[in-house]
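Please open the structure in a viewer and keep the selection tool at hand.

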Amino acid sequence: MDHSGHGMMTELPPFTLGRGLAWSADPFFLVACLLGLALYGWGVLRLTRRGDKWPVGRTVSFVVGVLSVALMMCTGLNDYGMVMFSVHMVQHMIISMVSPILLLLGAPITLALRALPPAGRGRKGPRELLLMLLHSRYIRIITHPAFTIPLFIASLYALYFTPLFDFLMGSSAGHIAMMVHFLAVGVVFFWPIMGVDPGPHRPGYLMRMLELFAGMPFHAFFGIALMMASAPMVETFENPPASLGIDALSDQNAAGGIAWAFSEVPSVLVLLALLFQWYASEERRARRSDRAAERDGDRELAEYNAYLASLNARG
């Protein structure tokens, strides 16, 4: 394969972890990651300067999420991912199923809404435009389970098992577009399920768990299909460079194993996040109930006791 641009060289030495983690930045993702960190940092700094608090855990989660994208796209993993199905699958799984979870737990939209100043009466600034987008029909559609679950599934089957994947891998722009797509699909899939930010679809916790598990088995099936295949299924990886010293079918089987394993990892992460959010929600509800009872002298309990007393008197 003769690719042009970053990460598309034909001769690479055999893959090792050291070579995979060596610095080899894709300019687009390097700029995007630095911009994301800078904007988030600006928001946190703005809140801090006016005396507001922002949870450290959210900042750590967002930063780690951005760094996970940089790790996949700004190191030798991006170079090897162009010619090794297994390394590409690591990139895909991290960017679509781990990075989005970490970014969403960082609550970037909530931070933006709190940090951006109102534009003033009759005007529309960045904050107002963001609110308009959040309440738009477009966002309601792309975050609805009827859209997100099929899209999540199609990003595997309709991409890898059609000529579209080979077309996108044939150019630097196509490869970047595919990776951005993976990240975007992960964000819109996980946002209604466990995102901290406000969104148009926020069902109960049991429904969110059902949405999560509705999509995950298809990842496992996809991985099993690759593992059990008796011939290479993706043209891009049919003839790996001889310098790598790998067999295409063995590498494809490894890619399938990675896809299968990653169907479990995000499920556990999201389930833990959901259970924690559920517990925190119940704690807040209990505190509100306690405060209401203090304000009205626990009127409901007094009324109930009076009702029991009246029944007893009638008896």
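A salt bridge is a side-chain nitrogen of Lys or Arg within 4 Å of a carboxyl oxygen of Asp or Glu. The model on display is predicted, and a search of the whole structure finds one such salt bridge.

**First selection: the salt bridge**

Select Arg50 and Asp52, the two partners of this salt bridge. Their closest N and O atoms lie 2.6 Å apart. Side chains of opposite charge can pair when their charged atoms come close. Are these two residues buried, partly exposed or exposed? Arg50 is partly exposed, with a relative accessible area of 43%. Asp52 is likewise partly exposed, its relative accessible area being 29%.

**Second selection: the whole protein**

Of its 315 residues, 42% count as buried. Among contacts in the protein with a separation of 6 or more, 77% are accounted for by residues 24 or more positions apart.

Two packed helices are described by the angle between their axes and the distance between the axes. Select helix α12, residues 172-194, together with helix α13, residues 205-228. The two pack at an angle of about 150 degrees, and their axes are 8 Å apart. Angles over 145 degrees count as roughly antiparallel, and α12 and α13 are therefore roughly antiparallel to each other. Their crossing is left-handed. To view the contact, show the side chains of Phe189, Phe190, Pro192 and Ile193 on α12, and Arg208, Glu211, Leu212, Gly215 and Met216 on α13. By class, this contact has six nonpolar, one polar and two charged residues.

On the α13 side, select His219, Ala220, Phe222, Gly223, Ile224, Leu226 and Met227. On the α14 side, these residues meet Gln252, Asn253, Ala255, Gly256, Gly257, Ala259 and Trp260. The contact of α13 with α14 has eight nonpolar, six polar and no charged residues.

Finally, show α12, α13 and α14 at once. Charged residues number two in the contact of α12 with α13, whereas the contact of α13 with α14 has none.

Terms used:
Residues are numbered from 1 along each chain as its sequence is written. This is a predicted model: local features need pLDDT of at least 70, side-chain atom pairs count only at pLDDT 80 or more; totals for chains, interfaces and linings use all residues. Side-chain values use heavy atoms; hydrogens and water are left out. Axes are lines fitted to C-alpha atoms, for helices over the stretch in contact, and angles run from 0 to 180 degrees between N-to-C directions. Helices (H or I, at least four residues) and strands (E, at least two) are DSSP runs, numbered from the N terminus. Contact means heavy atoms within 4.5 Å. Ala, Val, Leu, Ile, Met, Phe, Trp, Tyr, Cys and Pro count as nonpolar, Asp, Glu, Lys and Arg as charged, and the others, Gly among them, as polar. Buried means under 20% relative accessible area, exposed over 50%, partly exposed in between (1.4 Å probe, protein chains only). Angles under 35 degrees count as roughly parallel, over 145 as roughly antiparallel, 65 to 115 as roughly perpendicular and the rest as oblique. A crossing is left-handed if the near helix is turned anticlockwise from the far one by less than a right angle, and right-handed if clockwise.
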